[in-house]
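Here is a short briefing on one protein structure. Please look over the sequence and the coordinates before reading on.

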Amino acid sequence: PVACEQAPMDGPICGSDGNVYPNTCQMKLLTCGKHVFEVPMAFCMSQERHQGAAAACPTSCQNERERLTCGSDGNIYRSECELKMLNCGLISKRAVKKVDIEKCRNKLIKCSKHSCPDNPVDPVCGSDAKTYNSMCHLQAATCMKGIQLAHMGKCVPLLAPENCPEECDADEVSPTCGSDGNVYRSLCELKKATCGQRVVDVPLHHCATTAACNQVCGTERNFVCGSDNKFYRNECEMKRDNCGKHVFVVPMKRCLQGFQFKGCNRICPTIYDPICGTDNKTYSNDCFLQMENCRSRSLVGKQHHGICGEPVEEPKNYLY
């Protein structure tokens with residue numbers, strides 16, 4: 001969001017970074033580009049400065065016996081512990097207390113009609129720091145107590161320290177989709193790049209560039225040109241063969257420009273992507289270097305990416 005003047009006042013809410021925000025819009029605006037999501041208010045109690053805050057704010061109700069509890073806000077909680085965990089620290093006029101379950105009877109009847117299939121399991125994390133088997137199960141919790149989606153994938157322990165790797169060079173390339181919507185070279189790279197942000201790996205179909213990684217493609221011949229200047233039998237094969245990479249369909253003439261003929265005769269693309277050869281000469285792109293190598297038979301190789309004397313890191317197609 002770019003402004004929150006007309007956004008609903010659904011706060012205050014606690015962010016996974018430990019800060020309290022006026023509403024969801026403000027949290028997203030102030031943490032744009034970061035993996036910050038809503039968590040139970042109990043995790044932000046250290047930020048509350050007002051008087052009258054609840055003395056006990058549980059951060060977990062895992063061992064509590066489930067006993068449906070009606071809150072004065074009209075929501076139905078799994079236990080009185082959960083009611084406190086999700087609402088403690090709120091200002092006095094909005095304090096949520098336990099009331100007679102009969103006051104929530106109509107909502108209980110309505111939400112009980114919501115049923116979900118057991119499969120497939122595609123876990124999501126709710127704003128109550130609880131993992132649900134699917135979006136359908138989360139929607140049932142939304143009906144009962146207004147829980148919202150925190151992020152795709154399983155919830156992680158919010159108070160536990162994260163193990164952040166320092167190096168991932170030894171790891172094999174295995175495109176990994178993160179709960180922040182980005183694709184990483186491997187699970188290790190995900191943990192390294194997002195250290196402290198509680199990003200988890202999620203099924204590949206949740207990220208745009210990995211959605212087709214396991215797709216079964218047909219044999220129809222609808223040739224397309226990829227942004228990597230290669231021909232593909234169809235768009236499905238292009239996306240599958242470039243799992244995790246940002247390769248997209250471009251005009252066919254771009255691939256035709258780089259079509260290679262026999263011998264050293266070829267037409268190179270006009271794209272400027274300088275390469276420094278082992279002869280200390282700069283070539284407009286890798287195609288021109290290969291053509292010179294073929295013509296002169298001098299076995300000119302690639303010294304580094306970029307203009308000679310100004311090496312640059314070779315661009316990657318993974319989204320970071």
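Which residues are linked in a network of salt bridges? The network joins Arg78, Glu82, Asp128 and Lys145. Keep in mind that this is a predicted model. In total, the structure holds nine salt bridges.

**Salt bridge between helices**

- Lysine 145 pairs with glutamate 82 in a salt bridge, and their closest N and O atoms are 2.9 Å apart.
- The pair ties together parts 63 residues apart in sequence, because lysine 145 lies in helix 4 (residues 135-145) and glutamate 82 in helix 2 (residues 80-87).
- Lysine 145 and glutamate 82 are both buried.
- Both residues also belong to the network, together with Arg78 and Asp128.

- Lysine 239 and glutamate 235 form a salt bridge through their side chains, at 3.5 Å from N to O.
- These two residues are four apart in helix 6 (residues 235-241), so about one helical turn separates them.
- Lysine 239 has a relative accessible area of 41% and is therefore partly exposed.
- Glutamate 235 is likewise partly exposed, at 37% relative accessibility.
- A salt bridge also joins aspartate 241 to arginine 240, with 3.3 Å between the closest N and O atoms.
- Aspartate 241 is partly exposed, with a relative accessible area of 46%.
- Arginine 240 counts as partly exposed too, at 29% relative accessibility.
- As background, side chains of opposite charge can pair when their charged atoms come close.

- Three strands make an open sheet in the order 2-1-3, and the pairing is antiparallel.
- Strand 2 (20-21) and strand 3 (38-39) are the edge strands, as each pairs on one side only.
- Two bridges join strand 1 (residues 13-15) to strand 2 in the antiparallel sense.
- Cysteine 14 has valine 20 in strand 2 as its bridge partner.

**Loop between strand 9 and strand 10**

- Which residues gather in a patch of negative charge on the surface? They are Glu166, Glu167, Asp169, Asp171 and Glu172.
- Glutamate 172 sits in the loop between strand 9 (149-152) and strand 10 (176-178).
- Is glutamate 172 buried or exposed? Its relative accessibility is 69%, so glutamate 172 counts as exposed.
- Asparagine 163 is placed in the loop between strand 9 and strand 10 as well.
- Asparagine 163 counts as exposed because its relative accessibility is 72%.
- Asparagine 163 and serine 16 are 147 residues apart along the chain, and their C-alpha atoms are separated by 17 Å.

- Where does phenylalanine 223 lie? It is in the loop between strand 12 (201-202) and strand 13 (224-226).
- Phenylalanine 223 counts as partly exposed, at 45% relative accessibility.

Notes. Residues numbered from 1 in each chain as written. Predicted model: local features only at pLDDT ≥ 70, side-chain atom pairs only at ≥ 80, totals over all residues. Heavy atoms only, no water. Patch = residues over 30% accessible without salt bridge, like charges linked within 9 Å, V, L, I, M, F, W, Y side chains within 5 Å. Areas by Shrake-Rupley, 256 points an atom, 1.4 Å probe, with all protein chains shown as cover. Salt bridge = Lys/Arg side-chain N within 4 Å of Asp/Glu carboxyl O. Lys, Arg positive; Asp, Glu negative; His and termini not counted. Charge placed at Lys NZ, Arg CZ, Asp CG, Glu CD. Buried < 20%, exposed > 50% of the residue type's maximum accessible area, 1.4 Å probe, protein only. Pairing = 2+ DSSP bridges.
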